[in-house]
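Welcome! Let us take a walk through this protein together, beginning with the whole and then visiting its parts.

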Amino acid sequence: MVELRLESTLAELPLAPKNPLPYRQRRRAAKSFHTGMETLRDAGGPITRFTLGPRLLAPPLVLATSPGAIRDILSIKDDSVDKTTSVFVEMRRVLGANLSNLPYEPWLSRRRTLQPVFTKQRVREFGGHMAQAAESVCDEWPDGGVVDLDAESRKLTLRALGRSVLGIDLDHRADEVDQPLRVALKHAMHRAILPVRVPSWLPIPGARRARAASTKVHRLAQEILRSCRADPTRVAPLVHALIDAKDPVTGESLSDEEICEELIIFLFAGHDTTATTLAYALWALGRNPECQDRVAAEVAELPDGPLTVDDMPRLNYTVQVLRESLRLCPPGPTGTRMACRDIEVGGYRVPAGTMLVVGRMAVQRDPGLWDAPLKFDPDRFSPDNMKKLDRWQYIPFGGGPRSCIGDHFAMLETTLALATVIRRAEIDSVEEEFPLAVHFTMIAGAPIPARVRPRRPGVSA
Ligand code: HEM
């Protein structure tokens, strides 16, 4: 009875307002996964409906950029919305199924199995060599020379990931991780937004390159797993945790193939998103010396020696800097879901078969929600100011059941890395802008040059 009444109420709701942008502008904006969502919102409002082609070829879309509308989509706990949009289908085809792209049914058990591996307490084990990785990268910097903060951050996070959690030295193997993952994911993204797709098995050059790239990362994941099975004492806490993980409901473990597929997403997410965050934070500190001084002062209070997870509670301002960096530069600027049933979003009816687009970067830079939204101001995330934020206006790690499983890990890794770098070096960013590009995640669109000098105690940036 109640359900019937709810359904009839839903049927009475209006559809979201139609976006007034002409087709070409709409298409250009929709293809720009970061700033394009702000263009669509400015033209059509915080919940806006549009199409990118005939229904047979492209589903209708609804873009949500208000906290309430985003909450309505992301907090749904059943399969009314799912990761069955073209981007996830293509990602599964190219890289294999993993937690981030599985549809609802198989995802439920996988999430139950993996969740305990990533609790705040458990990821403490992963903090092992993060500070040492950061120190060793800084040691290679020329005194007074210019380095590319993006390249250095990638080197650092890959080194930390390999040595701290995967039990492998990835220093000289970046070409087996970064490049192939980029090629494979870019291909998936490219296919996802095509109105008409040729069959994926056709041996066209892009598909061939993506398949070769995927094979390369699968081989690396197999090697990581094989070495850990062969040597259970190897320092590889994430791999051992995946081997031991069991679904608490069914008691089932992951097969070797499933472990490898998860390792691939962790290889990617564990260094790409964190590298961009670190690069942005370092660049921003290099433009804002007073913020850099505050981080340096915070770290100077800590005992000598490499920073560890135990230092985390005393790195509050460093965490604020990272939160502000993730607000202005969220590595996942836009998300998608498919509405599998009619649902309500912000007081509008969204029919089944609509692609839902969540504008994470748009809500995090919305001038209606943030004062001077483009200003870098870590004090927005002071304990008092954080209490005033709507839970859904700041979503760099998403929200609801499919939120980022690696959020604690990412914050641990980037906090220890940022604090270590600032303890060792003064950063002076050369460029006024941090150019952005989206390949699959959002990354620096060009090298980020900065002059670096060893930090001398008591001397400000
Ligand atoms: C700064 C770093 C990171 C950011 C900003 C970030 C962001 C996100 C976001 C926004 C989502 C939700 C996607 C959606 O709603 O469609 C997500 C999901 C996910 N992230 Fe992260 N992530 C980061 C680091 C990591 C790390 C370090 C790992 C693992 C080692 C990781 C693994 C995952 C996985 C597996 C999912 C899918 C979860 C699921 O669907 O159940 N991420 N991430």
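Val81 has Ala339 in E5 as its bridge partner. Two bridges join E3 to strand E5, which covers residues 334-339, and the two strands pair in the antiparallel sense. Please keep in mind that what you see is a predicted model.

Now widen the view to the sheet around this pair. It is an open sheet of five strands with mixed pairing, and the strands follow the order E1-E2-E8-E5-E3. Its edge strands, E1 (47-50) and E3 (81-82), each pair on one side only. Helix H4, residues 67-74, packs on this sheet and touches E1, strand E2 (61-64), E3, E5 and strand E8 (355-359). The direction of H4 makes about 130° with that of E8.

Let us step back to the whole chain. The protein has 18 helices and 12 strands. Its radius of gyration is 22 Å, while the globule rule gives 23 Å for 461 residues, so the protein is as compact as a globular protein of that length. The C-alpha trace spans about 65 × 55 × 45 Å along its principal axes.

The other sheet to visit is an open one of three strands, with antiparallel pairing and the order E4-E12-E9. Strand E4 (146-148) and strand E9 (425-429) stand at its edges; each has a single partner strand, so one side of each is left without a neighbour in the sheet. On average, and with direction ignored, neighbouring strands here are turned by 40° against each other. E9 and strand E12 (residues 449-454) run antiparallel and are joined by five bridges. As an example from this pair, Glu426 has Arg453 in E12 as its bridge partner. Helix H13 packs on this sheet, where it touches E9 and E12, and its direction makes about 80° with that of E9.

H13 also leads us to the ligand. How many residues surround the ligand? There are 25 of them, and the closest are Ala269, Thr273, Gly398, Cys404 and Gly406. The elements that give two or more residues to this shell are helix H12 (256-269), helix H13 (272-287) and helix H18 (407-424). Sorted by class, the shell holds 13 nonpolar, 10 polar and two charged residues.

From H18 we can move on to the way helices pack. Two packed helices are described by the angle between their axes and the distance between the axes. The axes of helix H7 (residues 130-139) and H18 come within 8 Å and cross at roughly 35°, and H7 passes H18 in a right-handed crossing. On the H7 side the contact is made by Met130, Ala131, Ala134, Glu135 and Cys138, which meet Glu413, Leu416, Ala417, Thr420, Val421 and Arg424 in H18. This contact has seven nonpolar, one polar and three charged residues.

H7 has another helix to meet, H8, which covers residues 149-166. The axes of H7 and H8 come within 8 Å and cross at roughly 145°, and this crossing is right-handed. Here Met130, Ala133, Ala134 and Val137 in H7 meet Glu152, Lys155, Leu156, Arg159, Ala160, Arg163 and Ser164 in H8. By class, the contact of H7 with H8 counts six nonpolar, one polar and four charged residues.

Our last stop is the pair formed by helix H14 (residues 289-300) and helix H15 (residues 316-328), whose axes come within 8 Å and cross at roughly 145°. Cys291, Arg294, Val295 and Glu298 in H14 meet Tyr317, Thr318 and Val321 in H15. The contact of H14 with H15 has four nonpolar, one polar and two charged residues.

Methods: Residues are numbered from 1 along each chain as its sequence is written. This is a predicted model: local features need pLDDT of at least 70, side-chain atom pairs count only at pLDDT 80 or more; totals for chains, interfaces and linings use all residues. A residue is near a molecule or strand if its C-beta atom, placed from the backbone, lies within 6 Å of it. Helices (H or I, at least four residues) and strands (E, at least two) are DSSP runs, numbered from the N terminus. Ala, Val, Leu, Ile, Met, Phe, Trp, Tyr, Cys and Pro count as nonpolar, Asp, Glu, Lys and Arg as charged, and the others, Gly among them, as polar. Two strands pair if DSSP finds at least two bridges between them. Two residues are in contact if their C-beta atoms, placed from the backbone, lie within 7 Å. Axes are lines fitted to C-alpha atoms, for helices over the stretch in contact, and angles run from 0 to 180 degrees between N-to-C directions. A crossing is left-handed if the near helix is turned anticlockwise from the far one by less than a right angle, and right-handed if clockwise. The radius of gyration is taken over C-alpha atoms; the globule rule is 2.2 Å times the number of residues to the power 0.38.
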